[in-house]
Amino acid sequence: MSNSVLAVEATGIAKSYGTVQALKPTDLRIEPNEYYVLLGPSGGGKTTTLRLIAGLVRPTAGRISIYGQDVTELAPDKRSTSMVFQSYALFPHMTVEENVAYGLTLRRMPRDEIRAEVSRMLDLVGLNGYDNRRPHELSGGQQQRVQLARSLVLHSDILLLDEPLAALDAKLRKDMCLELKNIQKTVGVTFVHVTHNQEEAMTVADRIGLVAGGELVEQGSPEAIYNRPEKRFTADFIGENNIFDGTATGAGLDIGGRVLGLPTPAETGREISLSVRSEDMRLLDGEPKPEGWQALSGTLIDKVYLGLIGSSVVRLESGQDITVRQVGAMSSGEVGASVTVAWPTEAGRIHLS
Amino acid sequence: MMREYGNPWAHRAKWLYLIFVVVALMSPVLHTVTISFNEHGFGAADYDFTLVYYFDLFRNEEILAALGWTFWLAFVVVVVTLPMGILSAKFYQTTRWKVPFLLLMLAPLFIPADIMAAALLVYFKTLSRFFSDTFGLEWFDLSMTTAVIGQVLWCLPYVFVVVLVTMARYHAEQTEAARICGATAWRAFWDVEFPQIKAGVFSATAFTVILSFNEYTRTNFLKGGFETFPTYIVSYMLNTGMTPETYAMSGLVSMTSIVIVGAVLLLALRKEQA
Amino acid sequence: MSQPTTTGGRRQPASSPLSDLLTGERGLGRYAFYLPLAFLIAFFVVPMLLTLVWSVFERTNFWMEPGFTFGAYADFFGSARFENFLRAMKSSAISVLVAFVLGFPIAVFVRSSVPEKAQHKAILLFILPFMISEVIRIFALRPILGRHGVLNDALIGSGLIDDPISIFIYTPTGVVIGEVMSYLPFMVFCGFLAMESVPRYIFEVCDDLGSDTLTTLRRVIVPLAAPGILAATIFIFINGIGVFLIPDILGGPGAVNAGTLVLNAISALDFPLAMAIAAIMLVILMALLLIGHWLFDLTKLLDPAKR
Ligand SMILES: Nc1ncnc2c1ncn2[C@@H]1O[C@H](COP(=O)(O)OP(=O)(O)OP(=O)(O)O)[C@@H](O)[C@H]1O
Ligand SMILES: [Mg+2]
């Protein structure tokens, strides 16, 4: 759908703590009903971005609008956002029901309406029957569900989630991911979700924004970010990619002695990078290099069998380590053997920055 | 850690010593309380229980007036000190100048009461001269106000520390969560944070009442036109030495404190078991 | 899926302009947090610093007037007051020592041998005496320490002595006893507080290494607890010099300390002298705290972040 009004529109927002620039001036545009994920390494500025949207911190520069209304000067309680925190955010002296009802009580909603609404939300997050428990009587996953219910019950326009699943074990996290996605579809609210877990991001996101070093590095659908990363950083951070840095020449990419073929020509003389996903690479077991492939020789230094996938590490003559992941059969070579890694030329992706 | 190979008798002896020191520190007061109930007073061979000296106290107009002032003073000091203690703990949590602020808050504890009281006395006299000469006002004449200021300085560090320790166990995310649910800053404080630091605020209140109730030196310097119970007792004792009346008065002061402390401890213990 | 039609203003503020003015992040409410600071500056920092100024004022009949004279200091150092002051320092130092010897082992014992959960309760026992009026506690020592007091009765009764001992009260010894009885708990608190940051396995390690108790104490525990010991030492020392109640009630006719001197100066309406003595006390306190802070970071004691 085409939208003239954005759910979140931040222009040039920045936040500094003293001399630390937590977030450099950034533009962020999130569509209505989108599940947007902020992904990135620790300390990158994800939480800062989220808290700026919520109004928990004041931007040092820039403006933020929610559904067309400028909220930059509004306190968190005056904004149409709600939030799920990583942990410790439930009110320990209130029951589950009181926790979920808190926002509605503040709005002076009639009691029976509150009760109906609360039990509807607890149903939605799969917690009916837990009304009278205290937070400390719940498991970590259940606590996060209560937080979710407490946020959803407000029917805010934007739901912010700051690493909501970080405290959960891997299995539970996976289940909750799918559930979050479902709930988002059901309630039709814009979700902005912060995580540093790639898998989590890929599972839930409609669109991923990669945040690092206080900058929004790149954004796009999970598929695009994974398959067609634009920036070298993205290729490095998402998936398992092998990256070659060098100078573009007429013949390809000069990586110091060797010239690799590029999928598309690049401007001669420019410093660029070429990335190839590890699962697009193969070890050639003595067979000749197929037509239209690139090959490099090196020494096999490690072999790990991971069930479905086998992973090998090859040290090139240049000293660079290359990871090759193949489904099924492992290379027959022993550790220490000379091997050749190869990939189809068009599997490579060029990064200008 | 019970040292498993340690000598159990040495361990017991250490406990015994600890208890002995506590009892020794308390014994003069306990002795005074005991004597205050003896009809024959100090040094007598016989012990006959009586409340007569206490009844006498409550028939003495001056003492009743002094008690009234003491409680009124304690009340005002609590009302002023508690919010200030909470505010200062909050300030400490948000300020970037934590260490200097902490030192400033605790410094009044280190300065001997009479030195501080003397400095304040001269300060208030100066201010009072200034206000009456320039504006014809009676501000900072020695009065209830000046006594309250002196006592607040004395109680504030304790309240600050007690509240701070309780607040340290509180997770600030909860305030943020409440704000996002639509609560104003004050509403979030009252609904979410206060219920969780209540215990600390309660002990701080009891603490302040006791500190104010027992305070002698600062009050004696800075009060104007009234006696509190401690100042009355001390001037009485210095004039007449220890008499059955002074024992009863001391007993009354001590037992008030003991009752308050006992109540606080009992409540804390009951809460712990719940 | 239907488009949310709301705007950011969906949640109408449930407050009036007035409450906004008082409570908003940008309202007056935020200045409330500066109130304690302002109070301390106005009624603590300023008067304490002004003692330095007042101490050089000229004395008048009933008050003082601005001037610059060291008359008060000359008066203090050039008379018996100074000797009394030095004697008070000596007696105070003895009190510190006694309090350390009697109190510090208790702190060590509680930290090393009492179950973790009960430690705070054990320490709390030492708060009890503090909860009782200082004056009352000191006066209550009179019937205990006197010639016909409880202590002498007990000693005679047990056959240890034949005649009552009279140095327990109205003597310099009486002052030391009073100070130790009053301030001993501080040594226990501060020592314990400092050792709370010492992991308990340290004590076990020392056991395993077979070092005997005294060596452990001297080489390991005392250095670790040093900030606490120092804080308590400064506290007891300064109060020993400054609090007039103890020499007044338990000391003999000549028992005088800084507190008494200040009090006498004020009674004599010699305000510059009183302020000079207060200033001297302040300088000594600051100097001790600075030295202490320079030797060991005293703030470690109270800053949980540094634990
Ligand atoms: N209150 C603060 N005071 C000072 N610096 C801060 C504060 N909050 C964040 N920072 C700094 O800002 C930068 C970004 O922090 P932020 O919390 O946004 O990172 P993040 O991407 O959420 O990281 P993580 O994944 O570890 O949660 C960090 O360098 C951090 O140290
Ligand atoms: Mg974060």
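Me: Let's start from a definition: two strands count as paired if DSSP finds at least two bridges between them. In this predicted model, which residue takes a positive phi in the hairpin of β9(A) and β10(A)?

Reply: Happy to walk through it. Strand β9 (residues 207-212) of chain A and strand β10 (residues 215-220) of chain A run antiparallel and are joined by 5 bridges, which meets that definition. Within the pair, Ile208(A) stands opposite Gly220(A). The hairpin has 2 residues between the strands, and the positive phi, near 55 degrees, belongs to Gly213(A).

Me: Which strands stand at the edges of the open sheet of 4 strands in chain A?

Reply: The order in this sheet is β2-β1-β4-β5, with antiparallel pairing. An edge strand here has a single partner strand, so one side of it is left without a neighbour in the sheet. That picks out β2 (20-30) and β5 (69-70) of chain A.

Me: What is the bridge partner of Ser65(A) in β5(A)?

Reply: Strand β4 (residues 61-66) of chain A pairs with β5(A) in the antiparallel sense, over 2 bridges. For Ser65(A), the partner in β5(A) is Asp70(A).

Me: Helix α1 of chain A packs on the sheet; what angle does its direction make with that of β2(A)?

Reply: Helix α1 covers residues 46-54 and touches β1 (8-17), β2 and β4 of chain A. Its direction and that of β2(A) make an angle of about 60 degrees.

Me: How many Å separate the centres of the two domains of chain A?

Reply: Chain A is divided into domain 1, spanning 8-227, and domain 2, spanning 240-351. Taken over C-alpha atoms, their centres are separated by 40 Å.

Me: Over to chain B: how many helices does it have?

Reply: Reading from the N terminus on, the elements run α-α-α-α-α-α-α-α-α-α-α. The C-alpha atoms fill a box of roughly 75 × 70 × 30 Å along the principal axes. With 0 strands, the secondary structure of chain B comes to 11 helices.

Me: Are α3(B) and α4(B) roughly parallel or roughly antiparallel to each other?

Reply: Helix α3 (residues 61-94) and helix α4 (residues 98-110) of chain B have axes 9 Å apart and pack at about 155 degrees. Angles over 145 count as roughly antiparallel. The two helices are therefore roughly antiparallel.

Me: And how many nonpolar residues does the contact of α3(B) with α4(B) have?

Reply: α3(B) contributes Ser88(B), Phe91(B), Tyr92(B), Gln93(B) and Thr94(B), while α4(B) brings Lys98(B), Phe101(B), Leu102(B) and Met105(B). By class, 3 are polar and 1 is charged, and the nonpolar residues number 5.

Conventions
Residues numbered from 1 in each chain as written. Chains lettered and ligands numbered in written order. Predicted model: local features only at pLDDT ≥ 70, side-chain atom pairs only at ≥ 80, totals over all residues. Heavy atoms only, no water. Axes fitted to C-alpha atoms, helices over the stretch in contact; angles between N-to-C directions. Parallel < 35°, antiparallel > 145°, perpendicular 65-115°, else oblique. Contact = heavy atoms within 4.5 Å. Nonpolar A, V, L, I, M, F, W, Y, C, P; charged D, E, K, R; others polar. Domains from an automatic or database assignment.
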